[in-house]
Every structure is written in structure tokens, then in C-alpha cells.
Amino acid sequence: MHDVAGHAAHAAHEPTSFIAKHVFSLDHKVIGKQYYGMALIAAYVGMFLSWLMRIHLGWTNAAIPGLETLSKTGAPGGVMTPEYYLQIMTMHATIMVFFVLTTAPFAAFGNYFLPIQVGAEDMPFPHFNMMSFWVTFAGFLVLMSSFFVGDGPTLGGWTQYAPLSAVGAVAGPGQGTGVVLWATAIGLFCIGQLLGSLNFITTTLDMRTKGMSMWRLPYTVWAWFITSIMGLTAFAVLMPACILLVLDHLAGTSFFVPSNLVFNGQLQPHSGGSTLLWQHLFWFFGHPEVYIAIVPGMGIVSHILTTSMRKPLLSHRVMVYSLGALAVLSYMVYGHHMFVSGMNPVSSVVFSFPTLVITIPSTIIVLILLGSLYGAKLRINSASLFALGFISMFITGGISGFFLAQPSIDIMLHATYFVVGHFHLVMGVAAMFGIFAGTYFWFPKMYGRMMNETLGKAHFILSFIGAYCIFMPFHYLGLAGNVRRYQAFTDDYLQPLIPLHRFITVAAILTGLAQLIFLYNLIYSRFWGKPAPANPWEATTLEWSTPSSPPPFNNFGGTFPEVHHDPHQYSVEGASADYIMQTSPEKVNGPDEA
């Protein structure tokens, strides 16, 4: 419980210098902004790399001006080599999965708002919290450094399948130093997320203010809490896997390389390892990672829609139970990524069953959100539009996932653009829409200013249309047999698909340009936006009860809030307004739904 000693301990962290306040800060809010800033930079780098890939796929032999300055050997004369295409693809995927989709909705928003929403002044381990960001940032720098060393970054894809990733430079460009840097970067990232997860879990369990029972936690806190538990177990598996991979490179071990393996005519000096071991370790992390990226978005979207609808969701508890079910099942389905690995057909059936079952909590979540919208007087703004876009992308991508859960179909579609379309919609675009929704919703609290709504709505419309123009055709390409990871389409049956690839490329560039509207809005509003009212969305949760925007160092001005209501009391009959703050002592006759 909070006490005077706790106040004093927190006050001792009050920064007194620029470095302590803005660089090596112990304040969870500053750390949240640091995570967001890093994710923002990573997102635009990842988007730029995707443009390079798409231009190359549409016009394979065309020179891209300036590309040779990035890599003289990878793009002589500005024309991308096949190996360099795979290197760009690997970096795009790694940056987006780890440093954007995991970092922004979980580490950035969670760091900033989880302590405030539970009524705490900070997290229990502020030094660990600071370290979590800087270790993660170091991982990002290590990953980016691979562009500038030796033969460049690894070309093994974000999955880094062994033995290609484990045998060293003989496997191709970037497979020596590039793989070591990749594994080091991801290992550092895992350490950072483990430290962050421990803080999130402890804050939720031990730092709640008076009256804040577990069932009075907002959807966002539940989502970050569940994600923390997933992160704690998933990253704890990937980190040692990366260490073993580095040992195979540098110490001559053979964890992932079998005996008598010949690469480019050279017998490899390894023996006794298992390539499947890497796949098991990677996908035991990899499939929960999908939900680590998407569950925070579900919490953010639920939170925003509840506020915009002016009514609670159909069931608070069923929503939370469903999020928890997703977390549990996410570990039991990892084997469906290995249907073509040669596993026993019985094992395929075993993994197929929970993969189909996981659609049940996903469907329940969607039905609760859609059912709650029925009859609601939805306030249309940039945040609620992106929240609706999240639901649309999740449904569309989720339907294609249902087919991939069945081994007989997955074997045909595996490694085709059908899979690319599926996971980009579910894990990529839906998660990004959750990030955008959270940004437009919480920007007034984080910076004390409003974002421009006209620009926000234009950003949504262009992004929504653009996302469907890019990723829906991927499903057709996959059904037509277009294998992913090909850098050029020279086979007869692929050449008729080139015009569609060019259409996707144009759509990707235009949709990317729309993201510059968001960037302009973000920067302009930060400095010159309209001053934000104390509670612009008339929301009920504790972040809107802080004495200022942005909140002071100790969040609540030195007085811990007391919670009297569940987090989503809207349109309660007999209440003095259509919303009741969690801190309001007002007595109402309505049920405390949570």
C-alpha cells in the first residue's frame, strides 16, 4: 500500500538536471515517450525499406537513385542484387516486429499510462525501467549497425532459420557478422522487455491505489498486464536461443547445425545439432509474439470505443477472460508454423486443434466490440475511427488465418503471399491502427495539446483504403502460387502477376506518403496545437484526473486518488452527467458492472 515513506522514496527520484530529466530519466512517463520516439523512428525506417522492396518487385532491373550509397556491393548502380533484397526484407521485418509492433503499444503506452491508470506515482523498480529502455535502444542501434559492417545485414529473414543462420559467412552475405549482430540485438531487446514486463506485473499487482480492485482495472491495464506475462515467458525463451546462435558462430558449438552438412562445397565443422531445435525455440516465442503485438491494441481499442460510445462493453469480465484465453492458447499453437518442417502428421493435427480453438476467444472479443456498437451514439473522431479500423483489419486478417490453421491447406499456401497478406493485416496493420488510435486519444494528456482532427481523419481514410489496396491482393497472389521471398518473377506463371505487384507498389508508396500527414500533425500539434481541456473526451479513468496535462512528476500532485467506481460508468441512469469518473464519490443506483 502507499504510505508516507513511499512518497518520500519517489520524491527522491525528482530529476534536478537536464540529463536526469530527459535522458536517463527514472520517470515512467519520460520512459514511455522515449519508447514511443524510438518506435516512431523505427517505423519510418521500416516503411522506407518496404518501399525499396516494393519498387524492386515491381520494376526489378530499375535503378533506385541513391541506393548505391547505402551499399555499393548490394546495389551496384542503384540496382538491388537478389541477396541485398533479402537483406532489406530481413531488416524490414525485424525492425517492424520487434521495435515497432512490440514497442509502441506495449512498452510506450504501457509505461506512460499503466501506473497512472492504477493510481500509482511510478513503477516499483524505476532503475530497471530506465534500463529496459536503454538496453532496448542499444539493441536497435546494434541491429542498424549491421548496415555498415562487412557484407551487410543478415539475409535469413526475421525467423533466422538454422542451419543457414548458424554456419557463418559461407551461407551468404551477412550470415557471419550480420547474424551475430542480429542475434545480439534481439538478445538485448529480450532483456529490455523482460525488465519491463517485471515492472508492469508488479505495478499492477502491488501498486494499485485504494479502491482499485482487479475488476476495476481498465481494459488497457488488463491488456498490458496479460501481455507482460506473455512477454515474460516468450522472451525468456528467445533470449537463450539467440545466445546459443551466437555460440554456434563464435565458439564453435553445434546447437543448431547437424553433422556432415556441406555448404557451398565446404564440409561444416559442426556436428550433433538440430535445425528443428531452433524452429521450436523461435516459434514458441514467435506465436505469442503475434498476441504480444495485438493484445495491447485490443485493450486500447476497447478503452477508446467505450469512451466514444458513451456506454460500457457488453461484458467487462468476458472481455478480460477472452484476452487471458488468447494468452494461454498462444503458446499451444506455435507448432502450426512448422507444418512443413517434416513433423509427424499426428503432431500437425494436435497443433491444428488449438489453432482453430483460438479463434473462439478472438471471435468473442470481436462480437463484444461489434455488439456494443449496436445502438451506441458513437462520437466520430480520429481515435474512434482508427479503433473501428482496427476491428476491420483484425476480422479480415483473422478469416484468412482460419484457413492456415488446417495442415492440408497450410501446406499448399505456406511461404506464399497468402501468408504475407494474413499476418500483415492481423499483426501489422491492425496493431498499427491500435497505435494510431492510442496516439490520437492520449496525445492531449501526454503533451497538453490537441492534435488536428481534420488531418487525423484524412490520415485514417487514406491509411484504411491504402491498407486494403496493399494487402488484400496478397491473398490472390498466394492463391495463384506466388511464393514469398522471391526477388524477381521470371517464371512464366508468375509474369502475369507483375502488373498486380506494380499496383501494390504504387498503393504502398501512396499509403506511406499518407503517414507523413501523421508525422506532420504529430510535430505541429506538439508545439502549436490547441491547448487541451483537462478531459477532452469526457473519459472516466484515472489518467484524466491528474492535476495537469501532462501529469506532474508524481502524477497526482502528491495525493493518491481513491477509486469508487468501475472504469467505464457511462450513461448511468440517475447520474448527474453521462459519465462518472472513477474518483467521483457520487452514489448511483446503477450496477458496478465490473
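The legends below describe an overall view and two close-up views of a predicted model.

**View 1. Overall fold of the protein chain, with 18 helices and two strands.** The C-alpha trace of the protein chain spans about 80 × 50 × 50 Å along its principal axes, and its radius of gyration of 24 Å agrees with the value near 25 Å that a compact globule of 594 residues would have. Among contacts in the protein chain with a separation of 6 or more, residues 24 or more positions apart account for 79%.

**View 2. A nonpolar patch on the surface, formed by Trp59, Val506, Leu510, Leu513 and Leu516.** Together these residues have about 440 Å² of accessible area. One of them, Val506, lies in helix H18, which covers residues 498-528, and Val506 has a relative accessible area of 41%, so it is classed as partly exposed.

View 3. When neighbours within four places in sequence are left aside, Val318 is in contact with Ile364 and Ile368. Val318 and Ile368 are 50 residues apart in sequence, and their C-alpha atoms are 8.6 Å apart in space.

How values were computed. Residues are numbered from 1 along each chain as its sequence is written. This is a predicted model: local features need pLDDT of at least 70, side-chain atom pairs count only at pLDDT 80 or more; totals for chains, interfaces and linings use all residues. Side-chain values use heavy atoms; hydrogens and water are left out. Patches are made of residues with over 30% relative accessible area and no salt bridge: like charges are joined within 9 Å, nonpolar side chains (Val, Leu, Ile, Met, Phe, Trp, Tyr) within 5 Å. Accessible areas come from the Shrake-Rupley method with a 1.4 Å probe; for residues, only the protein chains shown count as cover. A salt bridge is a side-chain nitrogen of Lys or Arg within 4 Å of a carboxyl oxygen of Asp or Glu. Helices (H or I, at least four residues) and strands (E, at least two) are DSSP runs, numbered from the N terminus. Buried means under 20% relative accessible area, exposed over 50%, partly exposed in between (1.4 Å probe, protein chains only). The radius of gyration is taken over C-alpha atoms; the globule rule is 2.2 Å times the number of residues to the power 0.38. Contact means heavy atoms within 4.5 Å.
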